[in-house]
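Let's take a friendly walk through the inside of a protein model. Keep the sequence and the 3D view open as you read.

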Amino acid sequence: MNKNTQATVNELIAGSVGGAAQVLVGQPLDTVKTRAQVAPKGMFKGPMDVFTQTLRKEGFFALYKGMASPLLGIAGVNSLLFASYGISKRIISPYPLSLKEIAVAGAMAGAANAILASPVEMFKVRMQGQYGAKTDKRLRVVARDMWREWGFRKGVMRGYWVTVAREIPAYAGFYTAFEFSKRKFGETYGSDLPVWALLASGSTGGIAYWLSCYPLDVVKSRVQLRATPPTGTPVQYIAREVKTIVAESGFAGLFRGLSPSLLRSIPAAASTFAAFELSREYLEGVTGV
């Protein structure tokens, strides 16, 4: 196995570890974020009301609704993401890459990542959009019904193009902010950064991710939760959804769920990057690549 192939394998494995850490740490606030975005008007007063009502009516583990989809899928998603990012950097090389080149590599990784992220997000959103009624469905039933009623493109991959549109700027921001912070810490601590510096760098990457992907994240969640698939071209249905959101909730509706997203990003992205970097360093020691 050549060095580039071994490096990609290492990134796939380390990415899956980082993905699992992200889901375990960030899922409760992700549920709050999604419900804030997609709940019927007037159901909740705000993110804190989403949190308290969910706890009171459905219990603590309702905050982990839809976790099976990302926990099973996010390992694959993050494996693809970090491997795609590594490949993109090697394509753009030589090293070291400038921050502009890091942004391009992140955008390329985001576009590739959407292939797996779209169905994982769709199933997660549809699970989180259930509020504890007796008619709530398990993940396997949601997956079966979407496949049976709408097939692969309009069912399983619903919202794919809006996911692509979201992931490109999101991961450009994600990796650029992470690398910027990491390099700043490196000026003081050298290449062997302490874990807290990796956590802090990951947090800045996570904050940049969410600031870069709004309001497309709101549009994506609503498109994926609808009873019927969107019609028209991606540009048309994204524009139509934006107009609908503004008509229903004003301009502020385009940023629903941003505050829990930013709060979630601090521990979730920190744990993702720290788990990835530490796992990759371990694998480098084992494989020599």
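The residues that line the largest cavity fall into 14 nonpolar, 7 polar and 6 charged. Here Ala, Val, Leu, Ile, Met, Phe, Trp, Tyr, Cys and Pro count as nonpolar, Asp, Glu, Lys and Arg as charged, and the others, Gly among them, as polar. The model is a predicted one: local features need pLDDT of at least 70, side-chain atom pairs count only at pLDDT 80 or more, and totals for chains, interfaces and linings use all residues. Residues are numbered from 1 along each chain as its sequence is written, and side-chain values use heavy atoms, with hydrogens and water left out.

**The cavity and the pockets**

On a 1 Å grid over the protein atoms alone, a cavity is a set of points where a 1.4 Å probe fits but cannot get out, while a pocket is an open set with protein on both sides within 12 Å along at least five of seven lines; lining residues have an atom within 4 Å of a point. Grid points are joined across faces, edges and corners, and a volume is the space filled by probe spheres set on the points.

The structure holds 1 cavity of 30 Å³ or more. Its lining has 27 residues, and Q22, Y171, Y209, W210 and R264 lie nearest the centre. Two or more lining residues come from each of α1 (3-38), α3 (68-92), α4 (99-128), α7 (160-189), α8 (195-213) and α11 (258-287). Which helix gives the most to this lining? It is α3, with 6 residues. Helices (H or I, at least four residues) are DSSP runs numbered from the N terminus.

The volumes can be set side by side:

| Space | Volume |
|---|---|
| Largest cavity | about 360 Å³ |
| Largest pocket | about 660 Å³ |
| Second largest pocket | about 410 Å³ |

In the largest pocket, 29 residues form the lining, with K89, K182, E277, R280 and E284 nearest the centre. Helices α1, α3, α7 and α11 each supply at least two of its lining residues. By class, this lining has 14 nonpolar, 5 polar and 10 charged residues.

The second largest pocket is lined by 20 residues, and R126, R222, L225, R226 and A227 are the closest to its centre. Its largest share, 5 residues, comes from α5. The lining divides into 8 nonpolar, 3 polar and 9 charged residues.

**Two crossing helices**

Two packed helices are described by the angle between their axes and the distance between the axes. The axes of α9 (residues 216-225) and α10 (residues 234-249) come within 10 Å and cross at roughly 100°. The two helices are therefore roughly perpendicular to each other, a label for angles of 65 to 115 degrees. Among the residues that meet here are V219 and R222 in α9 and Y237 and E241 in α10. By class, the contact has 8 nonpolar, 1 polar and 3 charged residues.

Is N113 buried or exposed? This residue of helix α4 counts as buried, at 0% relative accessibility. Buried means under 20% relative accessible area, exposed over 50%, and partly exposed in between (1.4 Å probe, protein chains only). Leaving aside neighbours within four places in sequence, N113 is in contact (heavy atoms within 4.5 Å) with V77, L80, L81, E167 and Y171.

E58, in helix α2 (residues 47-58), is partly exposed, with a relative accessible area of 23%. Beyond its neighbours within four places in sequence, E58 is in contact with residues including R35, K65 and Y131.

Key: Axes are lines fitted to C-alpha atoms, for helices over the stretch in contact, and angles run from 0 to 180 degrees between N-to-C directions. Angles under 35 degrees count as roughly parallel, over 145 as roughly antiparallel, 65 to 115 as roughly perpendicular and the rest as oblique.
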